[in-house]
Amino acid sequence: MNRRQFLKSALLGAGGTAIAISGFGTLTKAAPPSSIAAENNQETTVFSACEMCRNQCPIAVKVVNGKVSKIEGNPHDADFGGVLCARGNAGPSLLYDPQRLKKPMLRTGERGTGKYKEVSWDEAYTYIAEKLKVIQQNDGGEAVAFASRKGPHDWFFRTIAQGIGSPNMFSHEATCPLTRSVALDSMFGVEGIAADYGNAKYIVSIGRNWLEGIHVAQTRGIMKAVGNGAKLVVLDPRFSVTASMGEWVPIKGATDLAFVMAMANVMIAEEKYDKDFVERYTSGFDQWKVAVKDKTPEWAEKETGIPQETILRIAREFAESRPKAILDFGWRTGLAPNDYQLRRAIMIVNMMVGNFETPGGYYRVKNASVVNRFPEMTGLAKALGAVSQPAFPKPVTSRIDGTGIKGIPSQLIPEGDGAVGQITESILTGQPYQIKAWMVHRFNPVISLPESDRVIEALKKLDLLVVCDLYMTDTAMFADVILPECTYLERYEQVYDMSGLMPKYVLRQPAVPLVYPDTKPAWRIYKELGEKMGLGQYFPYADIVDFINQQLTPAGLTLNQMKEKGVWIPVGMKPFYIRENDPTASLDNVVSKPSKKIEFYSEEVQEATKQGIPQYKQYPQPEEGKFRFVQGKVAVHTNAGTINVPVLNEVMSQNPLWIHKISADKLGIRDGDAIIISAGKYEHKGTAKVTQGIRPDTVFCYHGFGRISPELKRAYGKGINDNKLIPNEIGEVGNVCTSMTFVTVKKA
Ligand SMILES: Nc1nc2c(c(=O)[nH]1)N[C@H]1C(S)=C(S)[C@@H](COP(=O)(O)OP(=O)(O)OC[C@H]3O[C@@H](n4cnc5c(=O)[nH]c(N)nc54)[C@H](O)[C@@H]3O)O[C@H]1N2
Ligand SMILES: Nc1nc2c(c(=O)[nH]1)N[C@H]1C(S)=C(S)[C@@H](COP(=O)(O)OP(=O)(O)OC[C@H]3O[C@@H](n4cnc5c(=O)[nH]c(N)nc54)[C@H](O)[C@@H]3O)O[C@H]1N2
Ligand code: SF4
Ligand SMILES: [Mo]
C-alpha cells in the first residue's frame, strides 16, 4: 500500500465511515463485509488483536492469497464498534517492511558501531545462557535487570528473571501511568478503575488528549459524549486536538494540583458536593477539608495563570453536572515529581461528586472474579486459568529501586512495575548495587527513558545487553545479542483479559505464516532460552496452543470458540454499574481497602511520604528567556515504536518544536527555521513550528523522533529526541518527570 492508498483508507475510511472531527485523529469504521475479492482471489477474515500500540484492539484481518490485504476493526466488539485508528490500519506496512529484523545477531564490533553477524537461534541462546551463568555465579541473579513494555509477553520474559532469582523486573509504567496506579491503589486498594466517558455530561481533562493519545474505545466514548452535548474542558499548556473540541484552559505546566484543590475549595465552600456519597463510602474528608481550606480560586490563579472566575465557573459547572461529571485521572501521568498527589486529588474531587459506579462516571473493572461476587451473576463468566509453575528461588536481596520497602516513598511503587529509570543509575553508580546485565523486551530505553546520553553511557558499561524487538532500534544498536520477534500478525499470544463494564477475553492468532522464517514469538524465544539455561521446568507447556488451552479450560472456553469472533463476552450479561438504580448500594465488592472505604486520607501514603492527604508543592516556573519543555503523542505514530514503519513515516517523519508567535518573534525565529534547543549540558537541533496554540512560556514537541540508529533508514536523524534534553530525575514514587525541564531556543 502506498501513501496515497493508506491515507485514503486510514484517514477517509475507504468503504467505511470517517467519524472524527480532525484528519489526524480520525478513526475508521470497518467497511461492510467485503465481497469475495476479484479475480478468484479468495478473501478470508481472521479475528485477532492489534499491536501497533499496546491497547490491543480487536481486529478483523483480511487475507488474500496468504497475504494481509487490509485490517479493519472487529465488528464483534461493541466497545470498539468495528473501528480502528490510523496506526492499526498500517499493520501490513509493518508486517512486510524489509527493514525489520530477520535473524538473531551477535555483536562483533564496539558497542554502537552496528557491527553484527547473523547467528542461529541456538548460538544466540548459548551465548546468553553462558554469560548469564557467569554473572549469576559472581554477582547473583539480582545483577540482571529485566525491562519490558507491560503486556502478555511478560509471563514468558519474567519467567527467566524469576528463574535466576532476580527481583529486578521492570515495566515501562514509571514512564507512563504509574502515578495514577499509585493513587488508585492508595484510595481504592486496586488499580482497575476506568471511566465511562460516553455517558458523561461534563468532562475535564488534565492534559489527557484522547484525540491524539488514542485508545479506540475511550476516544469513541469522548466523541459520543461530545456528540450528545457534553462539555469538554481541557487543561493543557498547548492547544491539543482535544482542546479544539471544547474549552481550552492554557494552564502553566506542573500547577494542575492547584487548580484541582481550588475546585474542591469551591465545592466545599458552596456545599456543592454529594454529602451522602462522601459520608457513606469515603474516609478522610475532614483532613481533605483542612488541606484545601486556603486553596481558593484567587490563590490558584497566581499558581496556574488561570483567572479565578474561570476556575470558579468550571468548579461550579463540574459539581452541578454530578454525577455525570468526570475529572479525568490521566494516562501518561509522570509530569512532575509529586504527580501521584495530583492523581489522588483528582480522584478525591471525583468522589466528591459521587461519580463512582454510576453511568457517566468511574467504575471498577468488572472482570470474572469481581462479577462472581454478585450472586445474580455468579457463573456467567469464569476466570482464565493460569499455567502453574514450580516455586521460584527466592531473591536474596531487595530491588534496586527500593520498591516495597516500608517507610520510604518507594513503598508505594507497584511491585510489578518498579522505577525503570533506576536501572541507568545502578549501572553507572553501582548504587545500591551493581547491575551487570540488562534484558530488554519490546522497550527502547535510549528513546523512551530520560537522558538518552546517560542511558547510552550505561548500556556501554554492561557485561551483557540483550534486546528483543522488531527493528534495529536505538537500544538494539548497543546490544550484544539481538533477538528478532515476529509481528503480532504472525503469532498467537496468551489470551488477554480486557474486561471493562463486563468480563472480556481477546485472542491474538496468526493471520499469515512468518514473513521472515527466522523470526519467532516471545513465548517460544523465552521457553527455548529457558531450556538452554536449565530452567525448562518453569515453562510447563508444549506450545502456545497448549498454554492457551490451560488458560481457557478453567474458563469453560475453547480455542475454536475464541477463534470464531476473536473476543468473548459472557452470554446474557449487560454492562452494569452498581449504584445505577440504588445510589446507596454497597460498594464492598469493589472497594478493596480493608476499611471498605474509599480512602481520601491514606495511612499507607502517610507512612511512605508523610503526606497522607495531598498537599500542594510549588515548583519553579521558567525564568525570562527560558521555556518549559512538554511533549505528547501524535495520532499517526505510537511513541517511539512506529516512526520507521513505511506508510506512517511517509505521513509524518519530523516533529518540529512548537513555539508561540510572541516568543518566536523575540528570538527572530520564523516558522520552519532551523533552531537549537538547549537544556543544561545537552543540545538538540530541530525546526520551529510557530503557532498561537501554546503558552508563550512553553515549547512542545511530539515524542519518539530524533532516532540515532542508522538501520532505521527512514527515521534516522530526523526530528527531535525529547529525552536527549530531559534529565533522569526520578519522581517521588519512581515516576519519570517529563514536564520539569526548562530549555532555551535559538536560531541555528
Ligand atoms: N496515536 C497514539 N495514541 C496513543 C499513543 C501514541 O503514541 N500515539 N500512546 C499511548 C500511550 S502509551 C499513552 S500513555 C497515551 C497517552 O495519552 P495522553 O496522556 O492523553 O497523551 P500525551 O500526549 O502524552 O499527553 C497529553 C498532553 O499533556 C500535556 N501536558 C504536558 N505537561 C502538562 C502539565 O503540566 N499540565 C497539563 N495539564 N498538561 C500537560 C501535553 O501538552 C499533551 O498535550 O496515549 C496512548 N495512545
Ligand atoms: N520525554 C518523554 N518520554 C516518554 C514519553 C513522553 O511523552 N515524553 N512517553 C512515555 C510513554 S507514555 C511510554 S508508554 C513510553 C513508551 O516507550 P516504550 O515502552 O519503549 O514503547 P514504544 O516506543 O511504543 O515501543 C517499544 C519497542 O517495541 C517494539 N515492538 C513493537 N511491537 C513489538 C513486538 O510485537 N515485539 C517486540 N519484541 N517488540 C515490539 C518497537 O519496535 C519499539 O522499539 O515512552 C515514555 N517516554
Ligand atoms: S489504538 Fe490503534 S494502534 Fe492501538 S491497538 Fe488500537 S487500533 Fe491498534
Ligand atoms: Mo504510555
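Contact here means heavy atoms within 4.5 Å. This is a predicted model: local features need pLDDT of at least 70, side-chain atom pairs count only at pLDDT 80 or more, and totals for chains, interfaces and linings use all residues. Residues are numbered from 1 along each chain as its sequence is written, and side-chain values use heavy atoms, with hydrogens and water left out.

**Exercise 1. Find the buried side of helix α11 and its packing partners.**

Step 1. Take the helix limits. Helices (H or I, at least four residues) and strands (E, at least two) are DSSP runs, numbered from the N terminus. Helix α11 spans residues 297–304.

Step 2. Pick the buried residues. Buried means under 20% relative accessible area, exposed over 50%, partly exposed in between (1.4 Å probe, protein chains only). In α11, P297, A300, E303 and T304 are buried.

Step 3. Check the arc, taken from the directions from the helix axis to the C-beta atoms. These residues cover an arc of only 110° around the axis, so they sit on the same side of α11. An α-helix has 3.6 residues a turn, so residues three or four places apart point the same way.

Step 4. List the partners. The buried residues of α11 pack against α8 (256–269) and α12 (308–320).

Step 5. Look just past the helix. There G305 has a positive phi of about 80°.

**Exercise 2. Characterise the shell around ligand 3.**

Step 1. Collect the residues near the ligand (one heavy atom within 4 Å of it). They are C50, M52, C53, N55, Q56, C57, L84, C85, R87, G88 and V216.

Step 2. Sort them. Ala, Val, Leu, Ile, Met, Phe, Trp, Tyr, Cys and Pro count as nonpolar, Asp, Glu, Lys and Arg as charged, and the others, Gly among them, as polar. The shell divides into seven nonpolar, three polar and one charged.

Step 3. Assign elements. β5 (83–85) and α2 (86–89) each supply at least two residues of this shell.

Technical notes. Chains are lettered from A and ligands numbered from 1 in the order in which they are written.
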